[in-house]
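Work through the two exercises below with the structure on screen. Each solution goes step by step.

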Amino acid sequence: MVTDMDFIPGFIRDFLDWLMIGVLTPLFSTASHFLQVLIITPLDAIGAPLWMQVTLVALLTAGISLFIRKLLRVDEKEEAFRQAFLARQQAQELIKEIDDWKKQSVLYDASDSELDEKFNEYLAQRFARYGITYLMPVFFALFWLDHIPSVVRLKEETGAVFVISFPSPVRGISGISLPLLFMTVYLLVIFLYFKFRPRRKIENIQVPNR
């Protein structure tokens, strides 16, 4: 039976196997052990419940996301694009002063095409920035939490991971799951940051030429 992997050259498959087994797996294993010792072990030592551990990790993850946002200068890049886009829109107003309607049409088409190209480029860059800022930290944090010893034991004992169990099911729900608690805390921190952060004027914006 022919599979999709059969179309990949052997040396590429070998490289991918080496990358996964020799680099990524040891890297994630080391990072997981480090985080376990740094965060989970001290909390276990003081008897902190699982929901508190998940809450703390969610808080730290939100902090990491906001740090990455600042590191990538997301606000400055958003403002730079806004200014550049408005400048190009204002430039279109000058086309109205041209008497020849044929020249107007050609210039409008060229200007609209440039605006569309710049906007599509902006959307692609924004998707990449927001993926790095928010999606990656959340994905790795949840993946790691799903494999810490206390969560693994809970799944083996109960078959589910309810970090907060209700005394009796509420509309068929037995408790609050790990992902639900994590995302609630994470999103709450992000919301509060944008709600109450000081509104500062972004200075020294360099509008890209391309």
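**Exercise 1.** In which crossing, left-handed or right-handed, does α2 pass α6?

This is a predicted model, where local features need pLDDT of at least 70, side-chain atom pairs count only at pLDDT 80 or more, and totals for chains, interfaces and linings use all residues. Residues are numbered from 1 along each chain as its sequence is written, and side-chain values use heavy atoms, without hydrogens and water.

Step 1. The axes of α2 and α6 (residues 178–196) lie 8 Å apart, at an angle of about 40 degrees.

Step 2. The crossing of α2 past α6 is right-handed (the near helix is turned clockwise from the far one by less than a right angle).

Step 3. Contact residues (heavy atoms within 4.5 Å) include Trp51 and Arg69 of α2 and Phe182 and Tyr193 of α6. By class, 16 are nonpolar, three polar and one charged.

**Exercise 2.** Describe the lining of the largest pocket.

Step 1. The volume of the largest pocket is about 600 Å³.

Step 2. Among its 22 lining residues (an atom within 4 Å of a grid point), Phe28, Leu35, Phe140, Ala141 and Trp144 are the closest to the centre.

Step 3. α1 contributes the most, ten residues.

Step 4. The lining has 17 nonpolar, five polar and no charged residues.

Methods:
On a 1 Å grid over the protein atoms alone, a cavity is a set of points where a 1.4 Å probe fits but cannot get out, and a pocket is an open set with protein on both sides within 12 Å along at least five of seven lines; lining residues have an atom within 4 Å of a point. Grid points are joined across faces, edges and corners, and a volume is the space filled by probe spheres set on the points. Helices (H or I, at least four residues) and strands (E, at least two) are DSSP runs, numbered from the N terminus. Ala, Val, Leu, Ile, Met, Phe, Trp, Tyr, Cys and Pro count as nonpolar, Asp, Glu, Lys and Arg as charged, and the others, Gly among them, as polar. Axes are lines fitted to C-alpha atoms, for helices over the stretch in contact, and angles run from 0 to 180 degrees between N-to-C directions.
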